[in-house]
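Biologist: I have a model open here and would like to talk through its packing. Could you take me through it?

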Amino acid sequence: MNVVYIVGITQALFLSFLIFTKKQKTLADKLLVSWLLFAALHLLFIYFMNFDQTGIYNLSKSVHTSFPLLHGPFLYIYIITSVYRQSRIKKSYFLHMLPFVMVFFINVLLVIFKEDLPKSDQESFSPHSLFLTSINVIS
């Protein structure tokens, strides 16, 4: 399974490199490059979680659980900028990233205060997993 993550990371980095070296980049191209780099980072954290080392695991788990909340806003902003040929991103679009910011900082605080996160979703049903599930449904 780790090979699939490596292939996904490589493809995301390669496609972002191809789009980044394009001569006439639009705002949609720049957003797509940032989204692909973000997807590569997301896959990299999943890959690190599979090693199951305690130092990396809690950080990877806390950061990784908030990443799915950004794929929707990236898709929305990318489609808006490519369909309407916008040259600037409106500030109101960043409100769509608010659930990610909330969950990310809560997860970082949990890691800082050394609360152990469950090793898998099947092991326990903690308030942390309930919070993450509700935020994913809302977003």
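Biologist: How many aromatic pairs does the structure hold?
Modeller: This is a predicted model, in which local features need pLDDT of at least 70 and side-chain atom pairs count only at pLDDT 80 or more, while totals for chains, interfaces and linings use all residues. Residues are numbered from 1 along each chain as its sequence is written, and side-chain values use heavy atoms, with hydrogens and water left out. The structure holds nine aromatic pairs, where rings of Phe, Tyr and Trp (its six-membered ring) pair if their centres lie within 6.5 Å, and planes under 30 degrees apart count as stacked, over 60 as edge-to-face and the rest as tilted.

Biologist: And how are the rings of Phe 67 and Phe 100 arranged?
Modeller: Their centres are 6.3 Å apart and their planes stand at 35 degrees, so the pair is tilted. Both Phe 67 and Phe 100 are buried (under 20% relative accessible area, with exposed over 50% and partly exposed in between, using a 1.4 Å probe and protein chains only).

Biologist: What about Phe 104 and Phe 105?
Modeller: Phe 104 and Phe 105 form an edge-to-face pair, 5.7 Å centre to centre with 75 degrees between the planes. Phe 104 counts as partly exposed because its relative accessibility is 23%.

Biologist: Changing topic, which residues form the one aromatic cluster?
Modeller: Trp 35, Phe 38, Phe 45, Phe 67, Phe 74, Tyr 78, Phe 100, Phe 104 and Phe 105 form that cluster.
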